[in-house]
Amino acid sequence: MSNVAGAPGADAATPAEPVAERGRSEILHFAGRNPKLLIGAGVVLTLLLTGLIGPLFVDHGPNEYIGPKNQPPSGEYWLGTTSFGQDIWAQFVYGLRSTFMIGALGGGIAFLLGTTIGFLAGYKGGIVDEILNLITNVVLVLPTLVVLIVAVSYLQVEGLLVQGLFIGLTSWPWAARAVRSQALTLANRDYVDLARLSGRRTWRIITSEIAPNMSSYLMMSFILLFGGAILIAAGLDFIGLGPAGGVSLGLMLESSMQWSALQLGLWWWFIPPGAGITAIVGSMYILNVGLDEVFNPKLREL
Amino acid sequence: MTLRVKDLKVYYQTLRGDVHALDGVSFDLADGEIMGLAGESGCGKTTLGKSLIRLDGRMRHVGGTIELNGAEVPITDERAMNPLRYHEISLIPQYAMSALNPTRKIGRMINELLRARGVRPSKVADELRRRLELVGLDPDVLNRFPIELSGGMKQRVVMVMATLLDPSLLIADEATSALDVSTQRSVAESMVEFRDRGFVKSMIFVTHDISLVYQMADTVMVMYAGQVAEKGPASTIINDPQHPYTKMLIGALPEVGSTTTEARLEGIPGTPPGLLKPPTGCRFKERCPIASEECDETPPLVEIDTGHWAACWKTGR
């Protein structure tokens, strides 16, 4: 005990910064030295920026027939043209945009649903847990892709929003289960018991006592859901259930297959969207591993 | 009279039936009284402490009343209990060492707790600082994370937190058990000081450690198998216990100055009865050296001397 009772002039205002700063700089220190995190974040950010800024420099729509047909990449058409004379670079940057959109939308909805249900089930326990678990298990064993195909084809989905909603509503169960099991163990911690004793509201306890103690876990769930939503969307687009008249990396793949780009040797038509999807999802997973290593002291390498 | 507990019965629900953890506990606690609550593991000490502030999911209130400052404590009503918590009744939990959220700074955590109780943190900020200094902590701990504090410091933070709103009744559940002897002493001393300064009116101090109770408590209550065995002034209980269980419990303590060659320390043979189907009559009769037929009837808790209560057929005469 270094403190003396009643020590005069003890000023508590000043030491606040060093503690916070140290915590932040420690994370930065490990983040800056983690190649997985740097590479993953670099690729994801580059593609995101391309998707955000790229379309601003394209002065025609992505599906307009503007140029000569079947052109390989050149100075004028960076990624060449399709067999209808569409600019593949324009399609690619617009496609990136919608791919990130669908990831944020589908992944976001699934994350919100999954964590809410998981937290409630894990924290409340009892009958609430039983019911929520039942719902989770039912959705979990639904043949998701088949349901999606049926729903999407019957409802004539136009537009990203509805597609994202469908993906979000079907891909949350595993996140709910994972969050539930974590919340279950955290809910029995002593400080949660004390918070309960002090009469705090359930929601406050979950957000202030339980969630911060599993923040890296939540981050990981979100990234995995984000990547998953992109893949599902690409799959749906590829089998022709994407938003009609729109553009996305999955739709580019679909039309390149439909017009036999592979057989005709138009490699510039199908490689960019395929590589784009792979790069986004792959680097997100790498980013996820890197983040885990930065935030989890047990995985840190000095 | 601060606290009056009458015939309190709290059972734990299990699939095999009710566990009679508290079976008719009655006692009074005066203003300014520090009561040590002693007994073996599983005798209902912690259950009693918890019953006074919050019943958890498995605990069922079967009967009896709790009165605090003349008003009944609505123990079964979670919502009605909320205003009382920390304002009137407060608890230093058994697990005080791990009662602080590792991801929050201590000051922030205390502020959240105060807000949950409808108190503006700025109103009590100065008082908080003063009290931290009183227990020998630099107010700087408010800017630290729990991991940066030692066990004794955490214990004292929890203590300050529990008493910040000047409760009438403080329940300290094994508050010193996890500490080393010297820290134990300073924590116990600060508790007495808190009482002397009027931060808490009266206190129930749950512990196994009878010697510590003797040092700081005014009265001692000994429990056995969910019931009160004996309650009286601390010196009477230690020096002149009447209930055979208390006698054997005190007899099992080593004494300063005695050597092992003179007399071996006697334990209490046997184990406490299971509380799933508690035996009829006196619960101690199986292990009691002076038990007779009359012990098949449950002995009432009677006042055998002023402020000295015991539940045994043999002490009445």
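Modeller: Here's one rule to begin with: the expected span of a helix is 1.5 Å times one less than its number of residues. Keep in mind that this is a predicted model.

Biologist: How do you know that helix α4 of chain B spans close to what is expected?

Modeller: Helix α4, residues 121–134 of chain B, has 14 residues, and the expected value is 20 Å. From its first C-alpha to its last it reaches 19 Å, so it is close to expectation by the 1.5 Å a residue rule.

Biologist: Where is the kink in α4(B) centred?

Modeller: On B:Glu127, with a bend of about 30°. Just after α4(B), B:Gly136 takes a positive phi of about 85°.

Biologist: Which residues of α4(B) are buried, and what covers them?

Modeller: B:Leu128, B:Arg131 and B:Leu132 are buried. Their cover includes α3 (106–116) and α5 (151–163) of chain B.

Biologist: What makes β1 and β4 of chain B a pair?

Modeller: Two strands need at least two bridges to pair. Strand β1 (residues 3–14) and strand β4 (residues 59–68) of chain B have 8 bridges, so they pair, in the antiparallel sense. B:Tyr12 stands opposite B:Met59 in β4(B).

Biologist: Why are β2 and β5 of chain B called edge strands?

Modeller: The open sheet has 4 strands in the order β2-β1-β4-β5 (chain B), with antiparallel pairing. Strands β2 (17–29) and β5 (71–72) each pair on one side only.

Biologist: How do you know that β6(B) and β7 of chain B pair?

Modeller: Same cut-off: at least two bridges. There are 4 bridges between β6(B) and β7 (residues 169–173) of chain B, so these parallel strands pair. B:Ile92 stands opposite B:Ala172 in β7(B).

Biologist: Which residues have the most contacts inside the largest nonpolar core?

Modeller: B:Phe205 and B:Val222, in a core of 161 residues. Helix α3 (residues 88–124) of chain A gives the most to this core, with 18 residues. Beyond its close sequence neighbours, within four places, B:Phe205 has contacts including B:Ile34, B:Leu37, B:Ala172 and B:Val213.

Key
Residues are numbered from 1 along each chain as its sequence is written. Chains are lettered from A and ligands numbered from 1 in the order in which they are written. This is a predicted model: local features need pLDDT of at least 70, side-chain atom pairs count only at pLDDT 80 or more; totals for chains, interfaces and linings use all residues. A nonpolar core is a set of buried Ala, Val, Leu, Ile, Met, Phe, Trp, Tyr and Cys residues joined through C-beta atoms within 7 Å. A residue is buried if 20 or more other C-beta atoms lie within 10 Å of its own, exposed if 12 or fewer, and partly exposed in between; C-beta atoms are placed from the backbone. Helices (H or I, at least four residues) and strands (E, at least two) are DSSP runs, numbered from the N terminus. Two residues are in contact if their C-beta atoms, placed from the backbone, lie within 7 Å. The bend at a residue is the angle between axes fitted to the seven residues ending there and the seven starting there.
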